[in-house]
Amino acid sequence: MKMSVDREITLRMARAAQIRVAPEDVDHMMDSINDILSFCALVGDLDCTGTPDFTWRMKKRPSRRPDITRDWEDRERFKEKAPAIDGNFFRVPRISSEV
Amino acid sequence: MEIYELTAREVADGIKAKKFSAEDVTRTCLARLSSLEGYLNACITVAEDSAVAKAREIDSRLARGDEIGPLAGVPYIAKDNFCSKGVRTTCSSKILENWTPTYDASAISYMNGAGAVLMAKSNLDEFAMGSSTENSIIGPTKNPRDLRRVPGGSSGGSAAAVAAGYCPIALGSDTGGSVRQPAAFCGIQGMKPSYGEVSRYGVVAYASSLDQVSPLARSVEDLAIAMEVLARPDPNDTTCDAYDRPKFSDSLSLRDLKGKRIGVFAGFGAEEIDADLYGALTSAAEHCRSAGAEIEPIDLPIAVKYGVATYYVTALADASSQLACYDGIRYGAHTDGQTLADMYSNTRTVSFGEEVRRRIILGTALLTEGYYQNYYGPALKVRTKMVKEFDDLFERFDAYLLPTSPSMPYMLGMKEEDPTRMYLGDVFTVPISLGGLPGINISMGLTGEGLPLSVQLVGQRYDDARLLGIASVIERLAGRPGIANPNLPQNAEKRRG
Amino acid sequence: MGVIKSARPVVIGLEVHLQLNTSSKLFCSCSTDYIGRTPNTNVCPICLAVPGTLPIINDRAVALGARMGLGLHCEIQNYSNFHRKNYFYPDLPKAYQITQYELPIAVGGYMDIEGDGGPKRVRIHHLHLEEDAGKLVHPTTDGRMTGAAYSLVDYNRGGVPLSEVVSEPDMSSPAEAREYVTRLRQLARYLDVSDGEMESGSLRVDANISLSNADGSLGTRVEIKNMNSFKSIERALEYEIGRQNKVLASGGRIIQETRLWDDSEGVTRSMRNKETASDYRYYPEMDLAPIVITDEEIEKFKEDIPELPWEKRERFARDFGLSKEEISVLTEQKELAAYYEGVVNAGAPPERAANWVRMEVLRVINEAGCSITGFGVKPAVLAELVRKIENRELSNTVGKDVLDLLVKDGCSLEDAINRSGASSAKLTGSSLDGLIATVMEANADVVGVIKSGQDKKGGKAKFLHGLIMKESRGQADPKEAAEALSRMLEL
């Protein structure tokens, strides 16, 4: 089924993606989403009754990792380069302790 | 013949035979790079010092009589979405502009372990999203066969570098054609292996279920050598199959195609495919026939009709999720904000390019409740059907031929505005990715104007070695591509020196 | 508990998160031992979502998930996979959580509990594996919750393996909910799947609660989070039943929402700004190969399952003839049950051993604040002590002193008995005489027989001595008591 978005949904999706769309660009973004939704609605046209979801088949069963711990030696160097570090913590703008 | 014109095997043999040193090779290739880079803009970072140091190390090991690897002293370039320890890895994005990984991608480790010398990190469309290598923090890469044209993408930097003779071999990543199409546009060989054949560990993801590490070279033999180095089980990537690979170079002993059945795509007429490329497809089929193969026309109705839509739904959705980790907290660019939401959106809006932002929002839309049920959900089933279509076909065929791109490399800046037409550029490459099949772009020479022609050879999943064998037979008949000697503008200003 | 009467039938379903007993995280080799660690030390490129990294599943987490599933009578799936649950939050480095969504590792099943009206079966919808999030710290400059302009993130807990057990809405009271969680925790501990500590967050409970309508149809469901103790589960649900009844009685409507339990205020509060489920954006995780568990592996997992709590309870009833109450206490922890069995196997009579373990051993370890595994008296030693008491070689009271000495001084049983004999004769002198007088008064006929000289062999005197010792509850020294009795009988 072909779907579309309006300005409001466009902005909601941009918010969910944590990307700002300037007011003058909203229409363009909306058109762009609608182009994709319109073109890709094709995937609904093929009768896939009884078809399972895609997944990769593999020749050999993937192995699982043994439960062994290992320290990461580059930890401190990594933290030094982090954009917002505070002592040993990563720092973000204040959020309410709730949620 | 100049050293930079040699293939990887010729370079490796020459070094082993002490015809020239590894340092000679690396310095020659670096010189070739610096003489053309101002025009091509194929590299984001050139690791000159570490490359020379590595080449010297190879030389001293050789002098000591130590065991050296199959690619010892062979310079290579990796697309800048391969993590390289101590070498900046930008993904051509502002958000990773100053990011230096603390680890090597498995593919990089394997190449380095085989003695290859990492010379540079090549240009790409930001986060591999694009097919022209124009959408980059360092600006567009030019096609060395014609500087006015795009090199294809997103691995356009790697393809241009190999075509121009910076290095005999390069690494790219192919999600929906990102190695095969630039290989076609630049007139070289490029192979997307089967999904699960090569580890993706350390390759910054665009779409997990599609991305494959893919070598580019000027000979099928070099592709096979690269595959022998790259394709192996990796405990760091569980989607990389743990099975025992055949010896890829053994397949090169194939002398003819007797007893092989090869399908030739006949689903599109000459009017939908560029006439020269249609001609290349026909002559590739002729080569196969002359080598003893049975040729039959084939159609791929599901793949051709639904492939691009399925691909876009899959890749965009995955991209939106893959790029969510760039939140300005642990690494990468960061732009402050009063609130958490401000910080997130400031960081991501400022530091992702326009096309990436657009694709992230599109992908987010496709995964949103309601939209998912009408897009992502069905796409997962269509993809299963497409795999079935390929499976059925391979019951009758050993391989098939189709175009890599329906069109010739286009002019720089010629952005396709009509989305439906734009998507058609991917029509022959994305179904192969969706099916996880190996696909090789094979050069079919040049047009009268010097523009590259090519064809795509596709095999059954995990049949990579045999496919390389068939490709080598076609290459023998069609001729191996030479390097491009760009027609440098006399008075043009170099972008950089 | 469970005394709140609801005007409408209560329907409760629970989602219980158990932190799995693994050494390393679900998808990387970082340690899971995050409590008290310096922030951001148990981290690596994988759990920090460094570009290019891929998750690699922990084999033991899969085994423990399957094990818990088997304990819950679930069907273990040969094929299960993961999804990404996409949303932005600083404690989630990839901005998605890897969790089993459509095809979890264990499906169906049940847990039998002691319901309000007798035995009850709570159905299990499924058990799935998922990774934990990191932790946020909200610093305050002056102790208030507002103040600092930033929050801090610690990823030590990020990626720790959890199994989530989702029940059907089969519980009808807060007491049943608590009982279910108690049983679930007991099972997890029996199976060594999780330590199940609520205080440290190894066991977390979210509840879905609704009140049925007059016509029997289900009411609107409210989700309660942030219940951090067994007590708070009951309190929160009781509060919520009261609240919902009040809203409905006054003609209001229940809103489908998530509410947080505030333990200090004793209320649930609507959680503002919570993203609704549809905003999470789920889709299949393609970076991870599916979990394929062969039938042979499932058989192996089954073989590895130890005796489960209910099996042990049945066996204890059958083999030892204990009461339900005794069994319940003894089997609460498998270590205690094992200790008890050790005592019985070393020759102690089951009933008296049960009594001793249940009353005395638990008293001692509670006083010491240790667990049964830290209890120093070997089962064989306790068995010997219990046997002596059974044979009346020692009184119960002396036995307790002996046990205390064994625990305190770690001496041999013989030493402890010798030392306790001297120190425990607390009934002495005139108070002992008083007791003897009482016994003699109550047995005047026997005294008469002795005094008349008919107790040639001293049997009657021994009988009186025995009574005195019994009445003194072991507090009299047997020798002193014998002498005093002789004196008072004027023998």
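**A walk through the model**

Modeller: Val150(B) is buried, because 26 other C-beta atoms lie within 10 Å. Please keep in mind that this is a predicted model.

Colleague: Where in chain B does Val150(B) lie?

Modeller: Val150(B) belongs to the loop between E3 and H5 of chain B.

Colleague: And which residues does Val150(B) touch, leaving aside those up to four places away in sequence?

Modeller: Its contacts include Ser132(B), Thr133(B), Glu134(B), Pro140(B), Asn143(B), Gly156(B) and Phe185(B). Pro409(B), Tyr410(B) and Leu412(B) are also among the residues that Val150(B) touches.

Colleague: How many Å apart are Val150(B) and Tyr331(B) in space?

Modeller: The C-alpha atoms of Val150(B) and Tyr331(B) are 32 Å apart, and the two residues are 181 residues apart in sequence.

Colleague: Which residues does the cis peptide bond join?

Modeller: The cis peptide bond joins Gly153(B) and Ser154(B), with omega at about 10 degrees. Ser154(B) lies in the loop between E3 and H5 of chain B, and Val150(B) is in the loop between E3 and H5 of chain B as well.

Colleague: Let us turn to a helix. How many residues does helix H2 of chain B have?

Modeller: Helix H2 of chain B, residues 22-40, has 19 residues. From first C-alpha to last, H2(B) reaches 25 Å, close to the 27 Å expected at 1.5 Å a residue.

Colleague: On which residue is the kink in H2(B) centred?

Modeller: The kink is centred on Ser34(B) and amounts to about 30 degrees.

Colleague: Which residues of H2(B) are buried?

Modeller: Among them are Val25(B), Thr26(B), Cys29(B), Leu30(B), Leu33(B), Leu36(B) and Leu40(B). The buried residues of H2(B) also include Glu23(B), Arg32(B) and Glu37(B). As for spacing along a helix, an α-helix has 3.6 residues a turn, so residues three or four places apart point the same way.

Colleague: What covers the buried residues of H2(B)?

Modeller: The cover includes helices H1, H3 and H5 of chain B, together with strands E1, E2 and E3 of chain B.

Colleague: What follows H2(B)?

Modeller: H2(B) is followed by Asn41(B), which lies in the loop between H2 and E1 of chain B. Asn41(B) has a positive phi of about 55 degrees, although it is not a glycine.

Colleague: Is Asn41(B) buried or exposed?

Modeller: Asn41(B) counts as buried, because it has 23 C-beta neighbours inside 10 Å. Another residue with a positive phi is His73(C), near 60 degrees and likewise not a glycine. His73(C) lies in the loop between helix H1 and strand E2 of chain C, and counts as partly exposed because it has 16 C-beta neighbours inside 10 Å.

Colleague: On to strands. Which strands pair with E7(B)?

Modeller: E7(B) pairs in the parallel sense with strand E8 of chain B, over five bridges. Strand E9 of chain B also runs parallel to E7(B), joined to it by three bridges. Within these pairings, Arg261(B) has Glu294(B) as its bridge partner in E8(B), and Gly263(B) has Tyr400(B) in E9(B). E7(B) itself is mostly covered, with four of its five residues buried.

Colleague: What is the order of the open sheet of four strands?

Modeller: The order is E1(A)-E2(A)-E10(C)-E9(C), with antiparallel pairing. The edge strands are E1 of chain A and E9 of chain C, each pairing on one side only.

Colleague: How many bridges pair E2(A) with E10(C)?

Modeller: E2(A) and E10(C) pair over four bridges. Pro93(A) stands opposite Tyr150(C), while Arg91(A) has Leu152(C) as its bridge partner.

Colleague: How many residues of chain A are in contact with chain C?

Modeller: 28 residues of chain A are in contact with 39 residues of chain C. E2(A) gives the most to the side of chain A that touches chain C, with five residues. By class, that side has twelve nonpolar, five polar and eleven charged residues.

Colleague: And how many residues of chain A are in contact with chain B?

Modeller: 43 residues of chain A are in contact with 55 residues of chain B. H2(A) gives the most to this side of chain A, with seven residues. The residues of this side divide into 30 nonpolar, five polar and eight charged.

Note on methods:
Residues numbered from 1 in each chain as written. Chains lettered and ligands numbered in written order. Predicted model: local features only at pLDDT ≥ 70, side-chain atom pairs only at ≥ 80, totals over all residues. Buried ≥ 20, exposed ≤ 12 C-beta atoms within 10 Å, placed from the backbone. Helix = DSSP H or I, 4+ residues; strand = E, 2+ residues; numbered from the N terminus. Pairing = 2+ DSSP bridges. Contact = placed C-beta atoms within 7 Å. Nonpolar A, V, L, I, M, F, W, Y, C, P; charged D, E, K, R; others polar. Expected span 1.5 Å × (residues − 1). Bend = angle between axes of the 7 residues up to and from the residue.
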